[in-house]
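Please look over the sequence and the model shown here before reading on.

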Amino acid sequence: MRTELRIDGVTASQLVSAAIIGALVSALRRKGLFNDTEIEEIYKEALTLLEIDQSPEPEFKRVSDMAIEMLRTQLNMPDNDN
């Protein structure tokens with residue numbers, strides 16, 4: 001399979017996952033099951049998982065690096081020079 005199609009497939013899959021998880025976290029906050037501190041902990045854990053589980057393939061590492069930077073920005077955390 002061509003690299004571009006693989007990246008598109010992975011990206012589409014991740015967008016679906018992100019939308020579902022984002023909706024779930026939002027619903028749990030609205031229902032009062034998680035407070036803002038707990039939501040922040042979830043995002044920090046997601047950041048840690050992304051940092052640990054990076055693909056060695058350059059095309060996918062670039063995407064992982066972008067995701068990590070997005071989460072770091074949302075959390076107002078400095079870049080750690082991935």
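The briefing that follows covers the overall layout, the surface and the helices in turn.

This is a predicted model, in which local features need pLDDT of at least 70, side-chain atom pairs count only at pLDDT 80 or more, and totals for chains, interfaces and linings use all residues. Residues are numbered from 1 along each chain as its sequence is written, and side-chain values use heavy atoms, with hydrogens and water left out.

**Overall layout**
- The protein chain has three helices and zero strands, where helices (H or I, at least four residues) and strands (E, at least two) are DSSP runs numbered from the N terminus.
- The C-alpha atoms of the protein chain fill a box of roughly 45 × 25 × 15 Å, taken along the principal axes.

**Burial and surface**
- Of the 82 residues in the protein chain, 15% are buried, meaning under 20% relative accessible area with a 1.4 Å probe, protein chains only.
- The accessible surface of the protein chain, from the Shrake-Rupley method with a 1.4 Å probe, comes to about 6300 Å², and 59% of this belongs to carbon and sulfur atoms.

**Helix α1 and what follows**
- Helix α1 (residues 3-30) has 28 residues and reaches 40 Å from its first C-alpha to its last, close to the 40 Å expected at 1.5 Å a residue, a span taken as 1.5 Å times one less than the number of residues.
- The buried residues of α1 are I7, V25, A27 and L28, and they pack against α2 and α3 (58-74), with contact meaning heavy atoms within 4.5 Å.
- After α1 comes G32, whose phi is positive, near 80°.

**Helix α2**
- The 17 residues of helix α2 (residues 36-52) should span 24 Å at 1.5 Å a residue, and this agrees with the 25 Å between its end C-alpha atoms.
- N35 caps the N-terminal end of α2, with a side-chain oxygen 3.0 Å from the backbone nitrogen of T37.

How values were computed:
Buried < 20%, exposed > 50% of the residue type's maximum accessible area, 1.4 Å probe, protein only. Polar contact = N/O pair within 3.5 Å; in protein donor to acceptor, adjacent residues only side chain to side chain.
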